[in-house]
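Me: I have a few questions about how this assembly is put together. Please keep the answers brisk.

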Amino acid sequence: MVAQNFGHALFCAMITLIISFPILGFNLEAQGINVTLTGAKTTTIIGVVLASIIVFGFQLFRDAIMGALGTLPRFNPLAGREPMEPSRRVKLESRIITVLVVLFLFWPFMVSRGSVDLATLVLIYIMLALGLNVVVGLAGLLDLGYEAFYAVGAYTFALLSRYFDISFWLALPIGALLAALFGLVLGFPVLRLRGDYLAIVTLGFGEIIRILLNNWTNVTGGPNGIGGIPDPTLFGMEFGRRVKEEGNTSFHETFGIAYSGEHKVIFLYLIALVLAVITAMVIRRLMRMPVGRAWEALREDEIAARSLGLSRTAVKLSAFTIGAFFAGFAGTVFASKQGFISPESFVFLESAIILAIVVLGGMGSQLGVILAAIAVTILPELAREFSEYRMLIFGAAMVLMMVWRPQGLLPMRRIHIKLNRLE
Amino acid sequence: MRTPVRKITTAVTAAAALTAAGQACAEIQIGIAGPMTGPVAQYGDMQFSGARMAIEQINETGGVLGEQLVAVEYDDVCDPKQAVTVANRLVNDGVQFVVGHLCSSSTQPASDIYEDEGVLMVTPASTSPEITERGYELVFRTIGLDSMQGPVAANYLASLKPEKVAIVHDKQQYGEGIATAVRDTLQKQGIEVAMFEGITAGDKDFSSLITKLKQANVDYVYYGGYHPELGLILRQARQADLDATFMGPEGVGNKDINTIAGEAAEGLLVTLPPSFDQKEENQELIKAFRDKGEDPSGPFVLTSYAAVQVIARGIEMVDSTNPFEVADALRKGSFETPIGTIEYDKTGDLESFEFVVYEWHSDGSKTPVNQSSR
Amino acid sequence: MQDLLYFSQQLINGLTIGSAYALIAIGYTMVYGIIGMINFAHGEIYMIGAYTALIAITGLATLGIAWLPAVLIVALICAMIVSSAMGWAVERTAYRPVRGRHRLIPLISAIGMSIFLQNYVHLAQGSRNIGFPALVEGGLQFGSGEGFQMSLSYMQITIFITTVICMTALSLFISRSRIGRACRAVSQDLGMANLLGIDTNRIISATFVIGAALAAVAGLLLGMYYGSVDPLFGFIAGLKAFTAAVLGGIGSIPGAMLGGLILGVAESLTSGYLSGEYKDVVSFGLLILILLFKPTGLLGKPEVEKI
């Protein structure tokens, strides 16, 4: 067996050497005005050679190693158990979500300001991921331009506050509705495209929105972005050190407590929390309503769904619009958290990360998506010590997750009967 | 002059400062926030090495008020979103003085938080006028503005009596800001701006743009942006036999442009702050950088050094680490730094920041050109 | 006359870029044609090709070898070997284990791979733009002494000729060789091809290798034509090439060629007559328009919904 693998192992080791040695082994450096080539440090070269040897060894004894791994006891304690009753499972899931929400509610009062701020960002991503989950996870429409709706929400608030002095609370529904309108307008023509064509068109749409925001300098400030976006107020009370708007009072003076910057951060966090809970609940209800079932039916088998009398356009459009609506929601919160937005916050990578959250979480599953959003946002922060390698690890983790656990952290399960085919 | 609100806030900050001081005894934390990773990390390196050196040297001579300065470093990747996170963490860590950020688009959202939370900020690199336009108390810089640099370039161009000038920019805050300032000044002087156009940053193919410049028959082209794109434009223009002189801001004036443009970089005009590393009185400092194996010639090394110095001097002047008092002191005082004497106006901008026009050569050297106007 | 010269110049600029897009687009279209996935990491493979070529060229210069044909050929071969190996390794590690799963799984894996490769090169070579030596200089001039002169550089001619050679070779390879026939069989029906004794795994690997090799050619050519490389430039080029592939009808090799040329010319004319800021808007807008009226691209086969 080892002899059989020898050729292949040698080949793999060669490939490892070829793909790593030229790039890692030589450094192009600008020395003054010339580009020179210097050899890398000896440790790097030893590393490259070592990697090839490991690949060689692994491929050579591959069957033995895989066999040994296979006989190891499963670490997953749940593996042997029968899948839970669907009704119990649903109950358990809602209980976990409730516990999470309660935990989230008390979280800001226990930890530092930086953590609360980060948690707000996590909540924004949860909203975005839940929204995209409707489009991708439930309706099965591959949307790579989701950040466009996010941008529409953020810019709506920024522009309204700049030109019309409209406050956060009024801008929130307007931003979300406008994003939904964009979703509707974009969705209408592109929904007859299938699968990957839809993906590239949405990607193109996302880029177009970003470029237009960047070029329309007179209105959107172009690359300068829009600054001075007001913070949300609580019944006319502001959280800043000084009151910025006529007629408002400041929070700390009203209650006669010392000013603390944390109030604002915590307030913003609580708003984000409430909105995230609303998002989750609305989508949860929608999932059980006929329209939610229709999304899934269309995802599973378009032709069958249409023969049962579902209107393809209406169902797809509703998914697209609702997804966009929640992106607009998240965008408004993002704009008021940042206080300043510019087109560079809405690049394709943002869409890719949200999509990664949805897929990592297990498409369609709300709890999974929430957990994945927490993981994806917080892990890079924790990995700051490896800041240089952060994105490298992120990319590798995406690939490894897809290879090892493609169904995501918590895959969504529906009641289904499996017919065993005869081999 | 002081309003009651100011008094309250000062008192509150003092209280906050006392509690913070309790946590970090006998040390003054200086935050350095900028990109350590990401596409502009090379500029971040300049910022960090300059600020670290200043902190080191100040500590060697006994620190500030008898206390040692401690550098706390943060990576914002030049991403506005991360900059806000960094700013919050910085406030969290009880840091009261920040050298940063680097990119204007990061500095702007971060400065909102610093102003609210009473953190004094000195940016050594952000040149966007908007940052200091908002009447903030605690925001300073040790670098000139786009609106200072643009007119210098435009006046020089005007003195050359050009027939047609084209202005190209990279559609980013920095590039477009300067390009607009150049255009406005040129138009005021009655010089025809034949073209005002944006390109996409990160793009590599400029053949269409160059064809257009050829068609428009311009004799001068001003480019607002950074060196990677201008290097390619110069090189591709030479390939296409475009006969025009190019000019750019300090973002294009580093040796990397030579590795990209090669021969085509000869004759490029660049507005730069006077090369501080060439100055007689800085030679000792320059040697200290060289001994550490660091390159002091980058545009933001000494501005970062000066930023730390200004903060330290301000603290000494008022004998307190209250950022509001230090800010007052900065507005009143005048400070000797490697980048010259620094005095602040009301907004927190430098009273004056000199820019000089240089001619760039294909071997990476530069010579100042004689300016007839200004 | 002036305007005509100007127009032809912009046309030439567009066709140059377009043919390079086409070379990259082949990789997307072949992979899609066979296993129906978007290989998002393909742009990075092109970038790695350009880097390898630059390393080879600089290395030769250090050794003192300056004979142009030798330098170009060595650089080309090095770039093709490294890129092909990369293409093979990427398929093996990131795509083969997830093949046949839900459509989104390979896509996410590919996006992850793209981020990984970008940062791999970034960490190894730094984030700076590095200049690419101008090896092929000079060109032909058209037009009278006064006014606008149209120029056609030798580099542009090299790009056209190389693209034509590569495309012809590829077409011959696909239509005549055993592997090419197997490729076509696999793209028609993977399961059936497998039953007929074709080693589908090998054929899929082969398409990745061919796509990567062509991307390496594009990497060397465009590196020289543009004048610099950086770790991020593969992504943008990849996006454009992918757009070109979809425009022409994904899965179709002549379609990729046509899509690349159309995209290149559209971009060039937009920059030439409108403004460079809007060239990406126009190219994506064009894509959306074409897909609306011809949902499978210009030369794509109309998809039949199977029941």
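Reply: Two residues are in contact if their C-beta atoms, placed from the backbone, lie within 7 Å. This is a predicted model.

Me: At what angle does α4(B) run to β4(B)?
Reply: α4(B) lies across β3, β4 and β5 of chain B. Its direction is compared with that of β4(B), and the angle is about 155°.

Me: What is the strand order of the open sheet in chain B?
Reply: The sheet has five strands, with parallel pairing. β2 (68-75) and β5 (139-141) of chain B each have a single partner strand, so they stand at the edges. The order is β2-β1-β3-β4-β5.

Me: Which residue is the bridge partner of B:M121?
Reply: Strand β4 (residues 120-123) of chain B pairs with β5(B) over three bridges, in the parallel sense. The partner lies in β5(B) and is B:V139.

Me: Which element gives the most to the side of chain B that touches chain A?
Reply: On that side, 33 residues of chain B are in contact with 34 residues of chain A. Elements giving two or more residues include α1 (4-23), α3 (80-92) and α7 (173-188) of chain B. With eight residues, the top contributor is α3(B).

Me: How many nonpolar residues does the contact of α8(A) with α11(C) have?
Reply: The axes of α8 (residues 195-215) of chain A and α11 (residues 279-293) of chain C come within 9 Å and cross at roughly 145°. Among the residues that meet are A:I200 and A:L212 in α8(A), and C:F284 and C:L291 in α11(C). Two polar and two charged residues also take part; the nonpolar count is 11.

Methods:
Residues numbered from 1 in each chain as written. Chains lettered and ligands numbered in written order. Predicted model: local features only at pLDDT ≥ 70, side-chain atom pairs only at ≥ 80, totals over all residues. Helix = DSSP H or I, 4+ residues; strand = E, 2+ residues; numbered from the N terminus. Axes fitted to C-alpha atoms, helices over the stretch in contact; angles between N-to-C directions. Nonpolar A, V, L, I, M, F, W, Y, C, P; charged D, E, K, R; others polar. Pairing = 2+ DSSP bridges.
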